[in-house]
Amino acid sequence: MKKVQVLGSGCSKCVTTARLIEEVSADLGVPVAVEKVQDMRQIAAMGVMHTPAVAIEGKVVHSGSVPLKDKIAGWLRPA
């Protein structure tokens, strides 16, 4: 199971990002554990300056906008 963190204040874009990740993971049959991180100190410690942001297994892969489904699929597909 992949650990996915959605980093942000909990705004509508953050909620949409988390929902899209869950939808894409279900479509691909890839189990994920989505964690919503709203602690700004923790977000800043990860080097994120613009939200929403996404981290996969602790590595930031996206920030500043709602990611497209194709991009999410690329993160979740097995290597």
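In this predicted model, 35% of the 79 residues of the protein count as buried. The accessible surface of the protein comes to about 4,600 Å², and carbon and sulfur atoms account for 53% of that surface.

**Fold and dimensions**

The protein contains 3 helices and 4 strands. Read from the N terminus, these elements follow the order β-α-β-α-β-β-α. The radius of gyration is 11 Å, close to the 12 Å given by the globule rule for 79 residues, so the protein is as compact as a globular protein of that length. Along the principal axes, the C-alpha trace spans about 35 × 25 × 15 Å. Among the contacts with a separation of 6 or more, 66% are made by residues 24 or more positions apart.

The overall values for the protein are collected below.

| Property of the protein | Value |
|---|---|
| Residues counted as buried | 35% |
| Accessible surface | about 4,600 Å² |
| Surface belonging to carbon and sulfur atoms | 53% |
| Contacts (separation of 6 or more) from residues 24 or more positions apart | 66% |

**Threonine 17**

Threonine 17 lies in helix α1, which covers residues 12-28. Its relative accessibility is 0%, so threonine 17 counts as buried, the cut-off being under 20%. Leaving aside residues up to four places away in sequence, threonine 17 touches Val6, Pro52, Val54, Val66 and Pro67.

Conventions:
Residues numbered from 1 in each chain as written. Predicted model: local features only at pLDDT ≥ 70, side-chain atom pairs only at ≥ 80, totals over all residues. Heavy atoms only, no water. Helix = DSSP H or I, 4+ residues; strand = E, 2+ residues; numbered from the N terminus. Rg over C-alpha atoms; globule rule 2.2 N^0.38 Å. Buried < 20%, exposed > 50% of the residue type's maximum accessible area, 1.4 Å probe, protein only. Contact = heavy atoms within 4.5 Å. Areas by Shrake-Rupley, 256 points an atom, 1.4 Å probe, with all protein chains shown as cover.
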